[in-house]
There are 2 protein chains.
Amino acid sequence: MTTLTRRAVLAGATVATALTPLAAASSAQAAAPLAGKQTAGWYRYKVGNHEVTVVTDGLNTFPLPDTFVTNMKKDDVNGALAAAYMEKDKLSIPYSPVVVNTGSKLVAIDTGTGEANFERSKGAAGQYHANLKAAGIDRNAVDIVLISHFHGDHINGLLTPDNKPAFGNAEILVPTAEWKYFMDDGEMSRQTTERMKGVFSNARRVFDALGRKVTPYEPGKEVAPGITSVATYGHTPGHMSHIVASGAGKVYVQADVTNLPALFVRNPGWHAFFDQDGKMAEETRRKVYDMLVAEKLLVQGFHYPFPALAYIEKSGSGYREIPVPWNPVL
Amino acid sequence: MTTLTRRAVLAGATVATALTPLAAASSAQAAAPLAGKQTAGWYRYKVGNHEVTVVTDGLNTFPLPDTFVTNMKKDDVNGALAAAYMEKDKLSIPYSPVVVNTGSKLVAIDTGTGEANFERSKGAAGQYHANLKAAGIDRNAVDIVLISHFHGDHINGLLTPDNKPAFGNAEILVPTAEWKYFMDDGEMSRQTTERMKGVFSNARRVFDALGRKVTPYEPGKEVAPGITSVATYGHTPGHMSHIVASGAGKVYVQADVTNLPALFVRNPGWHAFFDQDGKMAEETRRKVYDMLVAEKLLVQGFHYPFPALAYIEKSGSGYREIPVPWNPVL
């Protein structure tokens with residue numbers, strides 16, 4: 001294995017090809033080293049006149065914890081992984097933030113695990129900012145960053161590795177209820193688990209570095225042209241989803257209404273370890289997914305496999321996602 | 001709509017980004033033109049030590065013919081499209097050839113609709129050679145081109161737009177039975193439909209331009225390191241599939257054992273217009289798909305949506321493909 005660098009993993013082949021197509025391409029020659037790199041992880045589709053760019057941050061792979069699904073046994077989780085042709089005793093959770101160009105505003109919805117995570121994860125995650133650039137999107141041109149909730153995989157990309165604002169010219173919009181809860185010193189003082197203490201302190205680390213310059217937003221508001229906020233509380237106290245609509249096009253950007261579809265779309269009654277209020281998260285999930293089925297509405301899932309765009313149908317006692325076929329033209 | 005060019009559609013963003021990242025990226029700036037282009041269509045995965053690169057040629061969209069499924073009514077086909085959340089009265093058929101780097105040989109399996117088709121299709125198809133380059137693969141480094149059968153979307157990419165060999169240094173392997181059938185003047189003279197006459201004359205156009213310099217191969221042979229041919233006759237008289245195996249890894253590269261999975265994986269008894277012998281093609285399809293289910297074997301489908309890699313399970317009276325989650329790292 002060669003050492004991974006951001007350039008090699010994400011942009012190496014295309015950069016080299018752009019400069020000297022034939023010479024560079026010989027790296028794939030037989031009896032020569034294998035190419036060893038994946039394509040840049042972005043994908044674009046239209047919602048009416050809006051352009052949505054899905055920008056993967058990569059994924060996090062870890063041994064399946066005993067309590068990943070808090071109301072089920074580990075064997076049940078392994079059963080669901082096997083049913084989805086996934087390896088047992090292991091989880092790979094992908095991150096798929098999106099950027100919406102409304103024509104008048106460039107809006108990033110969530111931001112990934114942060115560039116600093118690239119080295120830490122040996123290139124598996126922290127890819128968002130490099131993929132954003134590969135997609136031709138200048139983060140300094142982003143007008144609005146719309147945060148769904150305050151978990152690290154959604155907010156850490158707000159900062160550069162040296163803790164400066166990554167989106168230098170953007171207004172940062174945060175859910176009012178989320179801000180109120182996580183910035184409340186009383187709430188923080190009442191936390192008893194290391195994990196929840198960590199969520200609080202990480203949120204403060206990020207927003208303090210931004211001088212707490214954020215704009216709180218309410219549910220049911222058009223927060224940008226054609227982008228409306230929807231309260232989907234439960235995963236966190238102020239968790240928000242977003243409906244992107246333009247012309248006849250519409251997509252439901254769910255954030256963490258579910259985690260991995262193979263577990264929680266198939267089994268909406270399962271409570272993820274990351275769901276702060278499992279019962280409320282389940283109620284929200286069932287309500288949202290019944291609506292997605294009834295309205296045949298596209299869903300963009302933050303923890304769905306890239307490019308993370310699907311229709312939902314009922315299946316057994318739960319649901320099943322039907323990935324939208326990849327479109328090789330825009 | 002702006003006029004499409006190969007450069008703009010396939011490489012524009014990455015080329016510009018590579019040269020001047022920030023300046024070029026401002027094209028995505030809000031109140032500026034939308035990016036208007038899709039990412040380069042290639043995806044890479046490992047099969048043991050082999051590297052497989054899926055390289056999309058794009059897709060062909062056309063009004064649903066009355067007889068696209070020869071043994072069913074148009075309404076049935078529209079029903080299957082609706083069940084897959086696809087538009088009715090319309091078909092979009094994607095092309096997903098692959099290239100396998102075995103470490104000692106670089107092997108292209110099928111070649112797409114040809115570069116000349118890029119302009120003709122307004123950029124929707126004919127993307128293969130540009131995407132191959134974007135993937136860092138020099139077509140002059142390809143050692144073997146392995147042809148599954150002689151339909152134009154599999155062989156036209158063997159030639160450049162000026163009818164020269166596109167793979168200058170490759171040995172072209174063709175199924176023995178396919179060669180024997182389509183190069184037989186008697187068989188050609190007995191064709192009665194314009195379509196079949198066209199298949200014959202196109203095959204001769206392509207192979208004549210190559211000076212008929214091809215190497216016939218038989219089923220059940222290791223035609224390249226870890227790549228074995230399998231007879232899957234029916235779609236055409238000599239139609240061949242390929243098993244790529246290395247270490248514990250294995251994938252079944254099916255070519256046209258099915259066309260669109262939404263129609264023919266769900267309904268293996270449906271006969272596609274393109275199946276020359278519908279009954280034999282169905283027998284082959286059922287045999288192959290029962291095997292894929294029993295062995296939990298990955299299938300790479302030429303007409304599956306990119307990146308066209310899935311597991312197969314039984315579903316109702318047919319099968320269902322479970323796409324393999326996109327891996328943002330190799």
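**Close-up views of a predicted model**

**View 1. K296(A) sits in the loop between α11 (278-295) and β14 of chain A.** Helices (H or I, at least four residues) and strands (E, at least two) are DSSP runs, numbered from the N terminus. This is a predicted model, in which local features need pLDDT of at least 70, side-chain atom pairs count only at pLDDT 80 or more, and totals for chains, interfaces and linings use all residues. Residues are numbered from 1 along each chain as its sequence is written, while chains are lettered from A and ligands numbered from 1 in the order in which they are written. Although K296(A) is not a glycine, its phi is positive, about 45°. K296(A) is exposed, with 11 other C-beta atoms within 10 Å. A residue is buried if 20 or more other C-beta atoms lie within 10 Å of its own, exposed if 12 or fewer, and partly exposed in between, with C-beta atoms placed from the backbone.

**View 2. Here is strand β14 (residues 298-301) of chain A, covered on both faces.** L298(A) and Q300(A) on one side are buried, and so are V299(A) and G301(A) on the other. β14(A) pairs in the parallel sense with strand β13 (residues 249-255) of chain A over four bridges; strands pair if DSSP finds at least two bridges between them. Look for V251(A) opposite L298(A). β14(A) also runs antiparallel to strand β15 (residues 309-315) of chain A, joined by two bridges, and V299(A) has A310(A) as its bridge partner there.

**View 3. A cis peptide bond joins F306(A) and P307(A).** Its omega is about 0°, and P307(A) belongs to the loop between β14 and β15 of chain A.
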